[in-house]
Amino acid sequence: MVGYKFMGKAHAHAYRDIPFYFDSDATPVLQGIAGRDEAGVREAARRYGFASYETDWRRLIDRQDIDVIDIVTPNNAHAEIAIAAATAGKHVVCEKPLAMTLDEARQMLTAAQAQGVVHMLCHNYRFAPAVQFAKRLIQEGRLGRIYHVRAQYLQDWIMDPSFPLVWRLRKEVTGSGALGDIAAHILDLARFLVGEFREIVSAVETFIEERPLGEMTSGLNASLSPNIEGNQTGQVDVDDATAFLAHFENGALGVFEATRFAAGNRNGNRFEINGEKGSIRWSLEDMNWLEVYFTDDEPGLQGFRRVNCTEEVHPYAGAYWPAGHIIGYEHTFINLFKELMDGIANRRDVEPNFEDGVKNQAVLAAVERSAMSRQWVRVAEM
Ligand SMILES: NC(=O)c1ccc[n+]([C@@H]2O[C@H](COP(=O)([O-])OP(=O)(O)OC[C@H]3O[C@@H](n4cnc5c(N)ncnc54)[C@H](O)[C@@H]3O)[C@@H](O)[C@H]2O)c1
């Protein structure tokens, strides 16, 4: 594993939990973790249960006892590490967004395909049982033709103007703002559930353009204890908020919104899909539930039903607890890495992978181009 803070913790925890719940075809062994700060990475290795640590990720890639490289660094380091890992014949799992640019994403896919390694992109929200169940309902045609997909990812953690210019607000490290950080998740969910994007028109906004220099001490949870470095300030050069409309290849119409300025919304990742025979709704902050409406329900009893997706019949749910014994955020990662382990053991493709990463990155690029040109942009032209 390269990096060890927010996602480092989520991933390490998930690898360790897999054998508790699943008979996966391979069991992860936490062999080595890399970070630049020796005291920090030593402590991460101890806490997360890694057998060893390195202060340069290249040393991990050189090691013969490592089969998989997991990239949980900020976005500007994804491509270099992934390409080096794949070229060395290691399987690669990478956090989202796959890359800084579409060109980088394509190079990562090419490197992974050239070596025939298993590659995976960490869009963990696909792996909530309720989301997987929504996918099954749509695939079975239970909603019929899809008319609408509307999705929002609403947060509020950078609204305070004195909150520092953390890496997620610096283009050279992050690539884009709310767009690549959180719109990436909802557009991935839309591709997973509804299909491919055809064209996009967008608008982006940066509300607070200058902030004190500084970083968070650890993960997003520490947003209330940021580290301010002196009196200097710097320019925010990414979007604080992004909104876009989309036409899908299958004729669906999409409305998307991602912002970190929606006061009161801590992690409001939600979607609603409307088809000719019904609708489904999901929200991360209530992630065990799927709301479902069918137009052919008996008159007088029509309405959204709330389904608790913790029954045996719901994907992945049976691996955990009896029905109604709910699961949480961390289980999305356990489910994702269970698929990775099975893919590696059986040398088969897993999803979402770097191909999805390239397709997602093309949508991100189209959103950026449209915001600049104020025109509709076809994703295929990216
Ligand atoms: N799937 C999700 O829901 C989700 C959630 C949060 C973050 N992410 C993604 O995960 C990645 C990491 O985000 P985070 O929130 O964990 O960030 P973070 O700031 O909490 O942790 C980043 C880690 O990378 C390390 N690092 C930075 N540059 C490095 C380098 N060159 N070599 C080695 N280590 C380096 C840092 O020291 C730190 O340990 C980002 O790509 C982000 O977009 C995904």
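This is a predicted model: local features need pLDDT of at least 70, side-chain atom pairs count only at pLDDT 80 or more; totals for chains, interfaces and linings use all residues.
### Where the domains meet

Let's start with the contact between the two parts. On the domain 1 side 30 residues take part, and they touch 34 residues of domain 2. H1, strand E4 (91–94) and helix H5 (102–115) each supply at least two residues of the side of domain 1 that touches domain 2. Of the elements there, H1 gives the most, with five residues. By class, that side of domain 1 splits into 21 nonpolar, seven polar and two charged residues.

### The ligand shell

The ligand has 23 residues around it, and the closest are Gly3, Lys5, Phe6, Met7 and Glu95. Helix H1 (residues 6–21) turns up again here: its three residues are the most that go to the shell around the ligand.

Why is the ligand said to lie between the domains? Domain 1 (6–125) and domain 2 (127–328 + 335–350 + 361–372) both give residues to its shell, so the ligand lies between them.

The unreviewed UniProt entry carries the annotation "domain: Gfo/Idh/MocA-like oxidoreductase N-terminal" for residues 1–120. Over residues 1–120 the chain is 48% helix and 12% strand, with the end C-alpha atoms 14 Å apart.

There is an open sheet of three strands, ordered E3-E4-E5, and its pairing is parallel. Strand E3 (68–71) and strand E5 (119–121) stand at the edges with a single partner strand each, so one side of each has no neighbour in the sheet. From one strand to the next the twist averages 10 degrees. E3 pairs with E4 in the parallel sense over four bridges, and Asp70 stands opposite Val93 in E4.

### The nine-stranded sheet

The other sheet is open too, with nine strands in the order E15-E14-E13-E12-E6-E11-E10-E7-E16 and mixed pairing. Its edges are strand E15 (305–308) and strand E16 (377–378), each with a single partner strand, so one side of each is left without a neighbour in the sheet.

| Strand pair | Bridges | Facing residues |
|---|---|---|
| E6 and E12 | eight bridges | Ile146 and Gly275 |
| E7 and E10 | eight bridges | Val204 and Thr242 |
| E10 and E11 | seven bridges | Ala241 and Thr259 |
| E12 and E13 | six bridges | Arg270 and Ser283 |
| E13 and E14 | four bridges | Arg281 and Glu291 |

How many residues lie between the strands of the E12 and E13 hairpin? Two residues separate E12 from E13. E13 and E14 also form a hairpin, with five residues between them. In the hairpin of E10 and E11 there are four residues between the strands, and Gly251 in that turn has a positive phi of about 95 degrees.

### Helices on the sheet

H6 lies across strand E13 (278–283) and strand E14 (289–294), running at about 165 degrees to E13. H8 lies across E6, strand E7 (197–205), strand E10 (241–248), strand E11 (253–259) and E12, and runs at about 150 degrees to E11.

The two helices also pack on each other. Helix H6 (residues 129–139) and helix H8 (residues 178–193) meet at an angle of about 35 degrees, and their axes are 9 Å apart. From H6 the contact uses Val131, Ala134, Lys135 and Ile138, and from H8 it uses Leu189, Phe192 and Leu193. Sorted by class, the contact of H6 with H8 has six nonpolar residues, no polar ones and one charged.

Notes: Residues are numbered from 1 along each chain as its sequence is written. A residue is near a molecule or strand if its C-beta atom, placed from the backbone, lies within 6 Å of it. Domain bounds come from an automatic or database domain assignment. Two residues are in contact if their C-beta atoms, placed from the backbone, lie within 7 Å. Ala, Val, Leu, Ile, Met, Phe, Trp, Tyr, Cys and Pro count as nonpolar, Asp, Glu, Lys and Arg as charged, and the others, Gly among them, as polar. UniProt positions are given in the numbering used here, feature names are shortened, and annotations may be inferred rather than shown by experiment. Two strands pair if DSSP finds at least two bridges between them. Axes are lines fitted to C-alpha atoms, for helices over the stretch in contact, and angles run from 0 to 180 degrees between N-to-C directions.
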